[in-house]
Amino acid sequence: GDRIWRFTVLMGLATTIATFGIASDSTAVVIGAMLIAPLMTPILGTAAGLINGKTRSTIISAGIAIAGATGTVVLSWMLSLGIPDLQAVIQNTQVTSRTAPSLGDLIIAIAAGAAGAYGVSRAESTDALPGVAVAIALVPPLSVIGITLHAGDFSQALGATLLFLTNLFSILLMAGLVFLLVGYGSWGRLYFRRNRIRVSFAAVVLAVMVISIPLALTAQKVLEQSATLRSATAAVGDWLGDDSQLRINDIDIDGETVTVQLVGPEQPPSATGLSEDISRRTGRTMTAVVRWIEEQEQISVSTG
């Protein structure tokens, strides 16, 4: 009873801190929420139950973890009522950095899950747990789900859900393996309950593999976008020429459109040739849109 009450209070406080930390775009505040959130404990408990074939303790731990995660999403959704400019919030770095997970996030989650399990299984390593809590970041993605759902941005909510599931299943997988390696589970029990344990971990491995697919696609998309940006930047440089007085202020790529923002005193050349050059360099049909901000030089002559 006391443990559940403590878990509920800490989850509520962590969610409140995370939600308003995300709203104010404050990394320090969000880290504070990560440190006090106790969600890692029932997830590690689930992994320990799985590796020992203890169905009852696995169900209890998993139930607490699911209830905690669901409660965080619901509470952050409700707290979003108190955020004045929600549309601006869902564009800040605290939100956008948690809505497009990649394979890098999976690797971080796997390493943090292993460190967390090792920390729990070795009393002398408990100092590592706060660091693991920050690395694995379970509550902030859940808070982002609540905030983005309230804002009606289901695409970002889906991205944050994918990040949370990446972290969750990576912890379960690595914690189970680490508990096994450090002798946390009984080998005798493992043998007698091997079929049940095998099925449980096959499901976790399958979940990690399924999650890896969209993460790999995101990583590929980021690489392609980066390559296109490099090609477009090089094309713009050649198009302007070395003696141009125009400066590239920004280059933005949205689908097949490359928007180039230039600043300077002279009018830019025609964008037709630029579109053709970018298309040739990237190997796909791209349209260049050039925006020019005129910058007039003012020369002050002193008469004295």
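A salt bridge is a side-chain nitrogen of Lys or Arg within 4 Å of a carboxyl oxygen of Asp or Glu. The model on display is predicted, so local features need pLDDT of at least 70 and side-chain atom pairs count only at pLDDT 80 or more, whereas totals for chains, interfaces and linings use all residues. Residues are numbered from 1 along each chain as its sequence is written, and side-chain values use heavy atoms, with hydrogens and water left out.

Select Arg281 and Asp277 to begin. Their side chains meet in a salt bridge, 3.2 Å from N to O. Both residues lie in helix H13, four residues apart, about one turn of the helix. Salt bridges with shared partners join Asp238, Asp277, Arg280 and Arg281 into one network.

Asp277 is buried, with a relative accessible area of 14%, while Arg280 counts as exposed at 61%. Here buried means under 20% relative accessible area, exposed over 50% and partly exposed in between (1.4 Å probe, protein chains only).

Move to Arg284 and Glu256. They form a salt bridge with the closest N and O atoms 3.0 Å apart. This pair links distant parts of the chain, 28 residues apart: Arg284 is in the loop between helix H13 (272–282) and strand S3 (287–294), and Glu256 is in the loop between strand S1 (247–254) and strand S2 (257–264). Helices (H or I, at least four residues) and strands (E, at least two) are DSSP runs, numbered from the N terminus. Glu256 is partly exposed, at 40% relative accessible area.
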